[in-house]
Amino acid sequence: MPFTVVRFNLVDPRATPESLSERYRAALAMAAYADEHGVDTVQTEEHHGVENNWLPSPFAFAGAVFGATRRIAVTVSAIIGPLHDPLRLAEDIAVLDLLSGGRLVTVAGIGYRPEEYEERGVDWGRRGKLQDLLLETLLTAWTGEPFTYEGRTVRVTPRPFTRPHPLLLVGGSSRAAARRAARLGLPFFPSAHLPDLETYYRERCAEYGTEGWTMMPAEETPLLHLSEDPDRTWAEHGEHFLHEARTYASWQSKDIRSAVRSTATTVAELRAEGVYRVVTPEECAGLGLESLVLHPLCGGMPVEEGWRSVRLFCDDVLPRLKA
């Protein structure tokens, strides 16, 4: 049985406040539907100041999902760690961990868009040191004991539900990220299928005397949309997949390694590339992948089309996988 994911970033380049509100509420209803049908996790993420309304507040969204569900996890993959106040983030994650009974998974990366740092008045050149401070502070704060932070004594309460602390992974595609995770004894979440980096992480764990594990994307991790007629879906909605692919491409330098990397400039090229795939339920069940990532509202996809994808995945694909 593959690991199953429903991803939401709530992008909509043509949104009005009214239509975006409808999209957010639809995403919550889809998360509840996925929860009822046994999907493993909702995945969401963080970006700021993006014209297409990319979700900037993944923890607020996660809290709403937890209120609408009973068992499904929420994976925030990823937050841009240096943009967060460490003490406030420790509190927010603790509250969500308590609220959900331990269903929150947080991946902390450092991002790859200097403009987000500039917008928030955070020094791009200090991002590594700020990430160290964030992660070290979170781990200390969640003990519930007083500690020294920037020269003053502080204490973060309440303590989280999960022991020894909420699930926190270090994300990234660099050796610096792998070293950071190993030094702190935290799991490592490479941003793509990078076996050499996983080996480097394990070597650093041995060097630091820590224990850890890697949650690495499979070599093949397409973003999926379910349809009974893929040709129709590509013809009618291919622009939405292309919008997200081109947005990612505009952000990624040659040094960025990501599981979502496309060079397509047209819908036809994108379809041929295979990063985004529209498949029938039969095709989806036969993919043989380690994980299935459904992206029902990709790039401003109409809500009704997103619902068709979710229902086909939950009602037609999951029973085949469990059979």
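User: Hi! Which residues does F313 touch, leaving out the ones up to four places away in sequence?
Analyst: Hi! In this predicted model, F313 touches T4, V39, L226, C284, L292, L294 and L318.

User: And what is the size of the largest nonpolar core, in residues?
Analyst: The largest nonpolar core has 70 residues, and F8 and F313 are the ones with the most contacts inside it. Helix α11, residues 303–322, gives the most to this core, with nine residues.

User: What does the second, separate core look like?
Analyst: That one has 20 residues, including V5, A245, V260 and L270. As a general note, nonpolar side chains tend to be buried together in soluble globular proteins.

User: Switching to helices. Which residues of α1 are buried?
Analyst: L20, R23, A26, A27, M30, A31, A32, Y33, A34 and D35 are the buried residues of α1. They pack against β1 (3–7), β2, α2 and α11.

User: What comes after α1?
Analyst: G38 follows α1, and its phi is positive, near 95°.

User: Now α3, please. Where is it, and how far does it reach from first C-alpha to last?
Analyst: Helix α3 covers residues 86–100, 15 residues in total, and reaches 21 Å from its first C-alpha to its last. That is close to the 21 Å expected at 1.5 Å a residue.

User: Which of its residues are buried, and what do they pack against?
Analyst: The buried ones in α3 are P86, L87, L89, A90, I93, A94, L96, D97 and S100. Their packing partners are α2, β3, β4 (104–109), α5 (127–141), β5 and β6.

User: Since you mention β6, is V154 in that strand buried or exposed?
Analyst: V154, which is found in strand β6, counts as buried because its relative accessibility is 13%, below the 20% cut-off.

User: What is V154 in contact with, neighbours within four places aside?
Analyst: V154 is in contact with L87, E145, P146, F147 and Y149.

User: Okay, new topic: how do α6 and α7 pack?
Analyst: Helix α6 (residues 175–184) and helix α7 (residues 195–208) pack at an angle of about 35°, and their axes are 8 Å apart. The crossing is right-handed.

User: Which residues meet there?
Analyst: From α6 we have R175, A178, R179, A181, A182 and R183, and these meet L197, Y200, Y201, R204, C205 and Y208 in α7. By class, the contact has eight nonpolar, no polar and four charged residues.

User: Let's talk backbone. Which peptide bonds are cis here?
Analyst: The bond from S77 to A78 is cis, with omega near 15°, and A78 lies in strand β3, residues 73–80. The bond from R163 to P164 is cis too, with omega near 0°. P164 lies in the loop between β6 (152–154) and β7 (167–172).

User: Where do N53 and E150 lie?
Analyst: N53 lies in the loop between β2 (41–44) and α2 (58–68). E150 lies in the loop between β5 (147–149) and β6.

User: How exposed is each of them?
Analyst: N53 is partly exposed, with a relative accessible area of 27%. E150 counts as exposed because its relative accessibility is 57%, over the 50% cut-off.

User: Last one: where is R261 found?
Analyst: R261 is found in the loop between α8 (230–251) and α9 (267–273). With a relative accessible area of 35%, R261 is partly exposed. Its C-alpha atom is separated by 28 Å from that of E203, 58 residues apart along the chain.

Note on methods:
Residues numbered from 1 in each chain as written. Predicted model: local features only at pLDDT ≥ 70, side-chain atom pairs only at ≥ 80, totals over all residues. Heavy atoms only, no water. Core = buried A, V, L, I, M, F, W, Y, C linked by side-chain atoms within 4.5 Å. Buried < 20%, exposed > 50% of the residue type's maximum accessible area, 1.4 Å probe, protein only. Helix = DSSP H or I, 4+ residues; strand = E, 2+ residues; numbered from the N terminus. Contact = heavy atoms within 4.5 Å. Axes fitted to C-alpha atoms, helices over the stretch in contact; angles between N-to-C directions. Left-handed = near helix turned anticlockwise from the far one by under 90°. Nonpolar A, V, L, I, M, F, W, Y, C, P; charged D, E, K, R; others polar. Expected span 1.5 Å × (residues − 1).
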